[in-house]
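Please keep the structure open as you read.

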Amino acid sequence: MLRRIFEKVLKSEPESKVLVVCMENICRSPMAEGALKRQLELAGVGTRVKVESAGVIVSAPRSLPDVRAVSVSQTWNIDIRKVRSRKISTEDFFDYDYILAADQPVLNKLIAIKPANAHAVLSLFLTFAGNNERADLPDPYFGTRAGFETIMDLIGGAAPSIVDRIVQEKLTPKG
């Protein structure tokens, strides 16, 4: 145990890893990735937690986020222009502590492909934040900019609770 802690410090590995997943990894998950990174920075633990995003069905790997997602994120002082789409892999279930799905269909796909011995905790993004009223982040892709603004409001509202939970579960010394 002490050796693992020492290795993490020397390698500057994050103490926790979070992967946010939607269908194509061009709208909801990049926005959520950006919002969580921003909230982690504001909480002073940005270097201690790694956040990335992926999709369960990625038709064009390495694609940029949707321009509406980029624009709406920028209004929240969040820059997602460097995010590139990628498909979730089997290794992700071993590499990440938490895999947060944008909606129930995505979560169902994740449950179906998760290896039996993988340790990642699977949850809906909003449920993980403690939101019991609304579980899904509706896909804004076929809508207007207003749909992206609604999604960013939901994501931005949930991000502080998610960061608080990660800090409590993974970064706070147990004693």
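Which residue forms a salt bridge with Asp 79?

1. The partner of Asp 79 is Arg 81. Their closest N and O atoms are 2.8 Å apart. Keep in mind that this is a predicted model. Asp 79 has a relative accessible area of 46%, so it is partly exposed. Arg 81 is partly exposed too, at 48% relative accessibility.

2. Side chains of opposite charge can pair when their charged atoms come close. The cut-off used here is 4 Å, from a side-chain nitrogen of Lys or Arg to a carboxyl oxygen of Asp or Glu. By this rule there are 12 salt bridges.

3. Look next at Arg 86 and Glu 52. Their side chains meet in a salt bridge, with an N to O distance of 3.9 Å. Arg 86 sits in the loop between α3 and α4, while Glu 52 belongs to strand β2, so this pair ties together parts that are 34 residues apart in sequence. Arg 86 has a relative accessible area of 24%, and is partly exposed. Glu 52, at 26%, also counts as partly exposed.

4. A network of salt bridges links Lys 50, Glu 52, Arg 86 and Asp 92.

5. Lys 170 and Asp 97 form another salt bridge, and here the closest N and O atoms are 3.9 Å apart. Lys 170 lies in helix α7 and Asp 97 in the loop between α4 and β3, so the pair ties together parts 73 residues apart in sequence. Asp 97 has 15%, and buried means under 20%, so Asp 97 counts as buried.

6. Now follow helix α7 itself, residues 145-171. At 1.5 Å a residue, its 27 residues should span 39 Å. The end C-alpha atoms are 36 Å apart, which agrees.

7. Where does α7 bend? The bend is at Ala 159, by about 35°. A proline, Pro 160, follows within four residues.

8. Several residues of α7 are buried, among them Phe 148, Ile 151, Met 152, Leu 154 and Ile 155. Ala 159, the site of the bend, is buried as well. Further along α7, Ile 162, Val 163, Ile 166 and Leu 171 are also buried.

9. What covers these buried residues of α7? The cover includes the strands β1 (16-22), β2 (49-55) and β3 (98-101). It also includes the helices α2 (28-42), α3 (67-75) and α6 (125-128).

Terms used. Residues numbered from 1 in each chain as written. Predicted model: local features only at pLDDT ≥ 70, side-chain atom pairs only at ≥ 80, totals over all residues. Heavy atoms only, no water. Helix = DSSP H or I, 4+ residues; strand = E, 2+ residues; numbered from the N terminus. Expected span 1.5 Å × (residues − 1). Bend = angle between axes of the 7 residues up to and from the residue. Buried < 20%, exposed > 50% of the residue type's maximum accessible area, 1.4 Å probe, protein only. Contact = heavy atoms within 4.5 Å.
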